[in-house]
Amino acid sequence: MTSAHRHAPGTHTPELRAAAARIGRRRFLTGTAAAAALAFAVNLPAAGVAGAAELDARKITKDPFTLGVASGDPRPDGVVLWTRLAPSPYEPGSGLPAQRISVRWEVASDAAFTRIVARGTADAHPEFDHSVHVDAVGLAADRVYYFRFRTGTWISPAGRTRTAPESSAKLNELRIGAVSCQAYHDGYFTAYKHLAEEELDVVFHLGDYLYEYAVTAVGGVRQYTDRRLPALFNRETMTLEDYRLRYALYKSDPDLIAAHAAHPFIVTWDDHEVQDNYADDIPKNDVPPDEFLLRRASAYRAYWENQPLRSPQLPNGPDAQLYRRLQYGRLAQFDILDTRQYRSDQAYGDGLDLPGPESEDPSRTMTGATQERWLLDGWKNSTATWNVVPQQVNFSLRRLDLNPVPMLSMDAWDGYPAARKRILDGVAAAGVENLMVLSGDVHVAYAYDIKQNFDDPASKTIGTEIVATSISSGRDGAEHLSTWELYTQANPHMKFYDGRRGYVTVTLGEQRARADYRTIPAVTTPGAAVSTAASFVTEVGDQGLKPA
């Protein structure tokens, strides 16, 4: 079969480039004809999505389900089901022509699919890289289901998912996973193999699902001897085609496939899904604004295509609303944040620096004013026992030395102290008693007590922060990195610090929450075992982490 590859590799389509040249910076974008032109130029299907001719799926001669299946964003009455047809995933166009393909889907209450409870048909459109997003509704609340797809003579692997409980339901406990940062070139996704075997209700991905960096023919430090990856992966992602192909590489990993098949995921992005340390419409490197927004539009589009997300999260050109709220009975409210798309530019550059007038400017924002108000208003209206905030970067104060005025990370919330104070003031104003922040980004595991005043160790603990280490980014790591003694001494509210790879599981209960830090000793070689490095509990109404 012929692939749909219509422009030179590594270049944007002429239509997209022409649209981008008209848009300028994003503040001029919203509601303009230029925004519509850009959205159109990223090849959105026409109204009625009947633009492309239909392919007879019986002509697909190779397995199209090479990237597995996934589910996400559970609600009481349904869940998003995902797959992407890719008979040749490492080729532009994935081995499919620019034609839509009819895909049948099934949801069953048993793994053998003898009791089908929902079924339907969806089109895999070439404009969406033949991805399929099904919002399967009419399901029962708080129930395990199994799902699969069919096209032509092919049947996908089965996935397992679970709907959310009714918002009024009283739950004894909820088990969640938290993961982040999976650089393919830094090692194997072994942690996902173990995560797939955990008993969990849902998994939160906290960002850096994909990295823009080149992947060599041997898969970086994976050092493959049984295969050679195509040269098209050995460059930084810039175009829509680049990002689509990189997702195909990542999502063809068997351990990641297993995790998605085992659990529903709730995802949010950080920076590497586009470019390291970008801030709003400001790139890390010195490129024209229209060029960066063109890249961001491509990256956001490919992200949506490859994740189990609903249509409200579909990007409009270089903009997408990824922040959203999900309820799990009366036990937990999850406010999923986007701390990358709307933030002020990092102060004093992107790295480590002393705080000063620039970083402490009260007008600086991490979330943008609209998202910040949405979060604070959501807390005021919350009746949940636990208010959980899955987000990207380190939230708690993290002093990087013992000096009276310590160095801080300008990319984390430490570079946005006024924004953090507004969030903490909002916790108090809303009467939130059991706050938990889930973070990623730093490639280590931390456990923090969130203090009302981080400069006063005796001040009230108003919540906890659970920082999930990376799946693979940072390579093998070590239990105690060179900064371990310094950081734990400089930050008395830091209750745990481990530099290995892995993930976190959290059990939320009516009386307490428990966090288990699961680590593996190596990712540069496959097959490492998993163990629990530490466990902590925090009590309802008496926040503060204590060893379990």
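Q: Does "which agrees" hold for H8, or what span should its 14 residues have?
A: At 1.5 Å a residue, they should span 20 Å, and the end C-alpha atoms are 20 Å apart, which agrees. The expected span is 1.5 Å times one less than the number of residues, and helices (H or I, at least four residues) and strands (E, at least two) are DSSP runs numbered from the N terminus.

Q: Before we go on, what are we looking at?
A: A predicted model, where local features need pLDDT of at least 70, side-chain atom pairs count only at pLDDT 80 or more, and totals for chains, interfaces and linings use all residues. Residues are numbered from 1 along each chain as its sequence is written, and side-chain values use heavy atoms, with hydrogens and water left out.

Q: Which residues of H8 are buried?
A: Ala418, Ala419, Arg420, Ile423, Leu424, Gly426 and Val427. Buried means under 20% relative accessible area (1.4 Å probe, protein chains only).

Q: And what comes just after H8?
A: Gly431, with a positive phi of about 70°.

Q: What about Asp208, buried or exposed?
A: Buried, with a relative accessible area of 0%. Asp208 has a positive phi of about 60° without being a glycine, and lies in the loop between strand E10 (202–205) and helix H4 (240–251).

How values were computed
Buried means under 20% relative accessible area, exposed over 50%, partly exposed in between (1.4 Å probe, protein chains only).
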